[in-house]
Amino acid sequence: MQLRASSDASGVRTAMVNGMRGKRVVVTGGSRGLGEQIVRLLLAEGALVATCAREAAGLKALDASLSEEARTRLLTEELDVTEPGRLEDFVSTAAKRFRESVGPAAPDDVRAAAEADALDGIVACVGGSRGGAFEQTDIADWAATWEMNIGHAVRLTRAALPCLRGAGGGSIVLITSISGWKPGPPAQYGAAKSAQIHLAASLARELAPDGIRVNAVSPGSMLIPGRRWDRMRKEDPRAYAAFAGAELPGGEPVTPQEVARAVVFLLSDWASGVSGAHLPVDRAQNAPSPYGY
Ligand SMILES: NC(=O)c1ccc[n+]([C@@H]2O[C@H](COP(=O)([O-])OP(=O)(O)OC[C@H]3O[C@@H](n4cnc5c(N)ncnc54)[C@H](OP(=O)(O)O)[C@@H]3O)[C@@H](O)[C@H]2O)c1
């Protein structure tokens, strides 16, 4: 086995077996946050990656930040994963484009993997919540939250199954949250994330005969520049310190780069024996927010 050393955006040195080279992976929501870090790590490890987001600007910025070589292995599309049919079309386009993009000059292992419209992995990363506290949240908010998290994960998986089978098996990773098993408001978010954890465990059994592994990854509160916890740390340092003191035994939230490494491990052949698992990446966090549990 050949080991290769590299470092991620946070400067942490990583060394992975060359197991992602030439693998074809679809990641939803890859223009920022956790999805972006998964996409970056997959590209650094030699994978072919397709990702989507609603706004073109984020996808363009991601593309522009990559090396010319990495850009040839990335397919991006502007779409809303909750829009009927768009995600399904994106998955089949990605599998087709991956096959077509591999030219005769590509290394033997990459060419061999590209003989059919096939995928080796998918990551359902888009997620979030609509509405607020229980009595301020209507049924439309519940439905939208469900669709954004579990609905899109189900449709992504259904669309990708023929391509995963076409590759002789593969790996599915659903991004859930510690909110899915450490209860705290908003209930609609935790309930949808909890359903994703159950979905992964159930599908792992159903799809095992096809060589398809399914796992759930639950990030803790992630420190993402400009997002909730980073804003709270800057705008209300006392509240942030109280939250960190009470809920983060390690003193610091996890970073999206740390979560991305766990996701890429589960996509890789190193995790060939791991299926039906629920992997929290939360540095032993207690409640998911200042309001739970
Ligand atoms: N942030 C946290 O602390 C945290 C903690 C635990 C779990 N999680 C989970 O981890 C995952 C990633 O969270 P994050 O905070 O990194 O997300 P984020 O910063 O909100 O980024 C989400 C990504 O998904 C895209 N996106 C959002 N809605 C979309 C839609 N309907 N269709 C297509 N693309 C869409 C966004 O781009 P556009 O806006 O351009 O569409 C962006 O690229 C989610 O499932 C979340 O529930 C997050």
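**Notebook: a look around the model**

I started at Thr 28, whose side chain makes a polar contact of 2.9 Å with the side chain of His 152. A reminder to myself: this is a predicted model.

Staying with Thr 28, I looked up where it sits and found it in strand β3, which covers residues 24-28. Is Thr 28 buried or exposed? Its relative accessibility is 0%, so I noted it as buried. I also found a polar atom of the Thr 28 side chain 3.1 Å from the backbone nitrogen of Val 126.

Next I turned to charge on the surface. Which residues gather in a patch of positive charge there? I listed Arg 32, Arg 54, Arg 130, Arg 227, Arg 228 and Arg 231. With 42% relative accessibility, Arg 228 counts as partly exposed.

Then I checked the backbone. Pro 185 and Pro 186 are joined by a cis peptide bond, with omega about 0°. I placed Pro 186 in the loop between β7 (170-175) and α7 (187-207).

My last stop was the segment after β9 (278-281), where I found Arg 283. Arg 283 is not a glycine, yet its phi is positive, about 45°. Ala 284 also lies in the segment after β9. For Ala 284, not a glycine either, I wrote down a positive phi of about 60°. How accessible are these two? Arg 283 counts as partly exposed at 35% relative accessibility, whereas Ala 284 is exposed, with a relative accessible area of 52%. The cut-off I used for exposed is over 50%.

Methods:
Residues are numbered from 1 along each chain as its sequence is written. This is a predicted model: local features need pLDDT of at least 70, side-chain atom pairs count only at pLDDT 80 or more; totals for chains, interfaces and linings use all residues. Side-chain values use heavy atoms; hydrogens and water are left out. Patches are made of residues with over 30% relative accessible area and no salt bridge: like charges are joined within 9 Å, nonpolar side chains (Val, Leu, Ile, Met, Phe, Trp, Tyr) within 5 Å. Accessible areas come from the Shrake-Rupley method with a 1.4 Å probe; for residues, only the protein chains shown count as cover. A salt bridge is a side-chain nitrogen of Lys or Arg within 4 Å of a carboxyl oxygen of Asp or Glu. Lys and Arg count as positive and Asp and Glu as negative; His and the chain ends are not counted. The place of a charge is taken as NZ of Lys, CZ of Arg, CG of Asp or CD of Glu. Buried means under 20% relative accessible area, exposed over 50%, partly exposed in between (1.4 Å probe, protein chains only). Helices (H or I, at least four residues) and strands (E, at least two) are DSSP runs, numbered from the N terminus. A polar contact is a pair of N or O atoms within 3.5 Å; within protein, one must be able to donate a hydrogen and the other to accept it, and residues adjacent in sequence count only if both atoms are side-chain atoms.
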